[in-house]
Amino acid sequence: MALFKRRTAGKPGEWYYCLKHGTVEEGPECRAADRFGPYATREEAAHAMETARERNLEWETDPRWHEKGAEGPEGPERSA
């Protein structure tokens, strides 16, 4: 018995943003490494890059990641 089943067809109502083609797909058409999702709506998938930029900005400006000696979500900072 396989641990993971490879889905060959997408489910209606699952939306993805393909990074390779820059398009919205219903169901997974491109490989997982080339897409964001699933999203609940076509509109959410269409804004995937904007959502990613916003999340990255939140992370970059989160003081928990930049306080010297503070523990962030990944644990204490380490010196290289």
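Analyst: Start with a cysteine pair. The sulfur of Cys 30 is 3.4 Å from the closest cysteine sulfur, which belongs to Cys 18, and this is too far for a bond. A disulfide is a pair of cysteine sulfur atoms within 2.5 Å. The structure holds zero disulfides. This is a predicted model, where local features need pLDDT of at least 70 and side-chain atom pairs count only at pLDDT 80 or more, while totals for chains, interfaces and linings use all residues. Residues are numbered from 1 along each chain as its sequence is written, and side-chain values use heavy atoms, with hydrogens and water left out.

User: Are Cys 18 and Cys 30 buried or exposed?

Analyst: Buried means under 20% relative accessible area, exposed over 50%, and partly exposed in between, with a 1.4 Å probe and protein chains only. Cys 18 has a relative accessible area of 0% and is buried. Cys 30 is also buried, at 17%. Contact means heavy atoms within 4.5 Å. Setting aside neighbours within four places in sequence, Cys 30 is in contact with Cys 18, His 21, Glu 25 and Arg 35.

User: Now the charges. How many salt bridges does the whole structure have?

Analyst: A salt bridge is a side-chain nitrogen of Lys or Arg within 4 Å of a carboxyl oxygen of Asp or Glu. The search of the whole structure gives two. One joins Arg 31 and Asp 34, with the closest N and O atoms 3.0 Å apart. The other joins Asp 62 and Arg 64, where that distance is 2.7 Å.

User: Where does Asp 34 lie, and what does Asp 34 touch?

Analyst: Asp 34 is in the loop between β2 (23–26) and β3 (35–39). Not counting residues up to four places away in sequence, Asp 34 touches Tyr 17, Cys 18, Leu 19 and Lys 20.

User: Which backbone nitrogens does the side chain of Glu 25 reach?

Analyst: A polar contact is a pair of N or O atoms within 3.5 Å; within protein, one must be able to donate a hydrogen and the other to accept it, and residues adjacent in sequence count only if both atoms are side-chain atoms. The side chain of Glu 25 reaches the backbone nitrogen of Glu 29 at 3.2 Å and that of Cys 30 at 3.4 Å. Beyond its neighbours within four places in sequence, Glu 25 contacts Glu 14, Trp 15, Tyr 16, Cys 18 and Cys 30.

User: Where is His 47, and which backbone oxygen does its side chain reach?

Analyst: His 47 is in the loop between α1 (42–46) and α2 (48–60). Its side chain reaches the backbone oxygen of Glu 43 at 2.8 Å. At 33% relative accessibility, His 47 is partly exposed.

User: What is the geometry of the peptide bond from Gly 37 to Pro 38?

Analyst: That bond is cis, with omega near 15°. Pro 38 lies in strand β3.

User: Last, what is the order of elements in the chain?

Analyst: From the N terminus on, the elements run β-β-β-α-α-β-β, which gives two helices and five strands. Of the 80 residues in the chain, 21% are buried.

Notes. Helix = DSSP H or I, 4+ residues; strand = E, 2+ residues; numbered from the N terminus.
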